[in-house]
Amino acid sequence: MGFRNFPLAISAVVIDLDGTLLHTAPELAESANRMLRDMGRPPVSQDLLMSYIGNGISWLVKRALTGDMHAEPDAALYDKALPIFEKHYTELLLQSKPFAGVVQGLDAMKAAGFRLGCITNKVARYTEPLLQGIGLAHYFDIVLSGDTLPEKKPHPLPLLHSAKFFGIPVDRMLLIGDSLNDAVAARAAGCPVFCVPYGYNHGEPVDGLDLDAVIADLPAALKLIERV
């Protein structure tokens, strides 16, 4: 299924956080390496750690410990590692920066009358201070973190919940993201999805995903949508 009749008729735009709005990978990778160092383990390259990002912090920690995308580490080891990671990430959190075009894109979407939301798999204890601290929180009418609802992306629930919040049909809401999680969630919910090519799709190009468009940056989305 695809939405190909551009410009798409859209009332609200929901946007992913890590890899779409903010370049958080350097801080996530550095936190993982500080965790490994504190545990007497060798560091991992930033490129490899970046490929581990996208399913939430628990999976990042598990992958850093095992060197595998899907393996479960020893439970006691994980329980020891997670708070160490969290301590370091809390210290580094506000060093993240918006990607080029993000602020301009958000300003332009607001000016055009689109309602905006942020949907992320990051837990709320990081999402909310991050959006506030970087100065992006005021753009969003709704923010859904990975632990806000019983399910997170790639499950469609956050998208369906957002459409209900906005009071619009789900096909009038656009998701802008950077990964397979976003594409799968959007298709399951029945809403259009654009992806940016600069994010964290486990090191894979987004061109191969089931998308309605690949956009260079947030402002480019405005050429493909019109407000209804």
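Colleague: How many aromatic pairs does the structure hold?

Modeller: The structure holds 5 aromatic pairs. Rings of Phe, Tyr and Trp (its six-membered ring) pair if their centres lie within 6.5 Å; planes under 30 degrees apart are stacked, over 60 edge-to-face, and the rest tilted. This is a predicted model, where local features need pLDDT of at least 70, side-chain atom pairs count only at pLDDT 80 or more, and totals for chains, interfaces and linings use all residues. Residues are numbered from 1 along each chain as its sequence is written, and side-chain values use heavy atoms, with hydrogens and water left out.

Colleague: Why is the pair of Tyr89 and Tyr126 called edge-to-face?

Modeller: The ring centres of Tyr89 and Tyr126 are 5.0 Å apart and the planes stand at 65°, so the pair is edge-to-face. Tyr89 is in helix H4 and Tyr126 in helix H6 (residues 124-134), 37 residues apart. Helices here are DSSP runs (H or I, at least four residues), as are strands (E, at least two), numbered from the N terminus. Ring pairs also link Phe85, Tyr89 and Tyr126 into a cluster.

Colleague: What makes the pair of Phe99 and Tyr198 tilted?

Modeller: Their planes are at 35° and their centres 4.4 Å apart, so this pair is tilted. Phe99 lies in the loop between strand E4 (97-98) and helix H5 (102-111), and Tyr198 in the loop between strand E8 (193-195) and strand E9 (213-214), so the pair ties together parts 99 residues apart in sequence.

Colleague: Why is Phe99 called buried?

Modeller: Buried means under 20% relative accessible area, exposed over 50%, and partly exposed in between (1.4 Å probe, protein chains only). Phe99 has 13%, so Phe99 is buried.

Colleague: And why does Tyr198 count as partly exposed?

Modeller: The relative accessibility of Tyr198 is 24%, so Tyr198 counts as partly exposed.

Colleague: What makes Ser179 buried?

Modeller: Its relative accessible area is 10%, so Ser179 is buried. Ser179 is found in the loop between strand E7 (173-177) and helix H8 (180-189). Leaving aside neighbours within four places in sequence, Ser179 is in contact (heavy atoms within 4.5 Å) with Cys195, Tyr200, Asn201 and Leu209.

Colleague: How do you know that the charged end of Lys62 sits over the ring of Trp59?

Modeller: A charge sits over a ring if NZ of Lys or CZ of Arg is within 6 Å of the ring centre and within 35 degrees of the ring normal. The charged end of Lys62 is 4.7 Å from the centre of the Trp59 ring. Lys62 also lies over the face of Tyr78, at 5.4 Å from the ring centre.
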